[in-house]
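Student: Could we walk through this structure together, one question at a time?
Tutor: Gladly, let's look at it first.

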Amino acid sequence: EALHLAHLMSSHGYFFPIDDHMLTVKADGTFYRFQTPYFWPSNCWEPENTDYAVYLCKRTMQNKTRLELADYEAENLARLQKMFSRKWEFIFMQAEAQAKVDKKRDKLERKVLDSQERAFWDVHRPVPGCVNTTEIDIKKACRMNKPIKSAKHMQCAVPGGRISPSVSEGDLNAPLEALKQEIEKLKSRLDRRNVKISKVSESYLSYFEQYQEYDPFISTPEPSNPWISDSTDFWELEKQTKDIPARRVRRWAFS
């Protein structure tokens with residue numbers, strides 16, 4: 001039981017074998033290392049393929065036997081390079097920058113961090129044939145999202161047959177008035193006119209284009225507006241003019 005529990009913890013990446021990609025615990029002299037809390041799966045990691053591509057690309061830049069890509073990793077790198085051909089230059093630059101930062105670290109620290117990062121990707125991109133512990137079982141996901149059918153609802157008889165299991169207990173006990181209100185609300189939604197955003201924007205534009213000549217904030221009036229400035233020329237001109245200004249007549253035509 002202890003070995004089985006240790007195997008489960010290792011398969012989730014909480015500790016890992018130093019010299020092996022297989023996240024299992026064996027009853028032999030294999031050495032193991034604890035994973036740093038930053039890479040724990042409890043942090044809900046969801047690494048993307050671009051992150052994996054940067055990691056594999058960085059591994060190819062380091063001339064270390066322990067960092068050589070395994071066959072399946074080399075295949076994954078070729079597949080990712082084909083997938084991200086347009087942005088591969090950006091991925092390569094990221095990998096190069098990370099490799100430069102790693103070179104500045106202490107030799108022992110760099111060795112530990114390399115093994116921890118490798119173990120992280122062994123969890124999220126496991127060796128072919130190993131179980132991916134980060135994936136959710138499809139049957140369990142279906143059970144979680146499936147509504148529970150109440151036996152009480154299934155037994156409620158109504159004219160025309162049994163009631164739908166999707167009907168809740170509150171709906172069964174709802175008064176008639178509440179149902180009528182719900183029907184009226186749904187009818188009003190059907191009667192409501194829906195206009196596309198493009199049509200609304202066009203109508204707004206045409207409105208402001210038509211009124212911009214008469215808007216003092218957009219077009220400066222001549223003479224100036226007496227309510228804003230100290231000049232009363234506008235009112236004096238209105239007194240002297242006997243005929244109605246053509247500008248005002250044009251506005252009356254569409255207002």
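Tutor: Gln98 is partly exposed, because its relative accessible area is 32%, where buried means under 20%, exposed over 50% and partly exposed in between, with a 1.4 Å probe and protein chains only. This is a predicted model, where local features need pLDDT of at least 70, side-chain atom pairs count only at pLDDT 80 or more, and totals for chains, interfaces and linings use all residues. Residues are numbered from 1 along each chain as its sequence is written, and side-chain values use heavy atoms, with hydrogens and water left out.

Student: What separates the C-alpha atoms of Gln98 and Val54?

Tutor: Along the chain, Gln98 and Val54 are 44 residues apart. Between their C-alpha atoms the separation is 8.8 Å.

Student: Is Phe234 buried or exposed, or partly exposed?

Tutor: The relative accessibility of Phe234 is 31%. Phe234 therefore counts as partly exposed.

Student: Which residues line the largest cavity, and how do they divide into nonpolar, polar and charged?

Tutor: A cavity is a set of points on a 1 Å grid over the protein atoms alone where a 1.4 Å probe fits but cannot get out, and lining residues have an atom within 4 Å of a point. The lining consists of His12, Gly13, Gln35, Phe39, Pro41, Phe120, Val123 and His124. Ala, Val, Leu, Ile, Met, Phe, Trp, Tyr, Cys and Pro count as nonpolar, Asp, Glu, Lys and Arg as charged, and the others, Gly among them, as polar. The division is 4 nonpolar, 4 polar and no charged.

Methods
1 Å grid on protein atoms, 1.4 Å probe; cavity = no way out; pocket = protein on both sides within 12 Å on 5 of 7 lines; lining within 4 Å.
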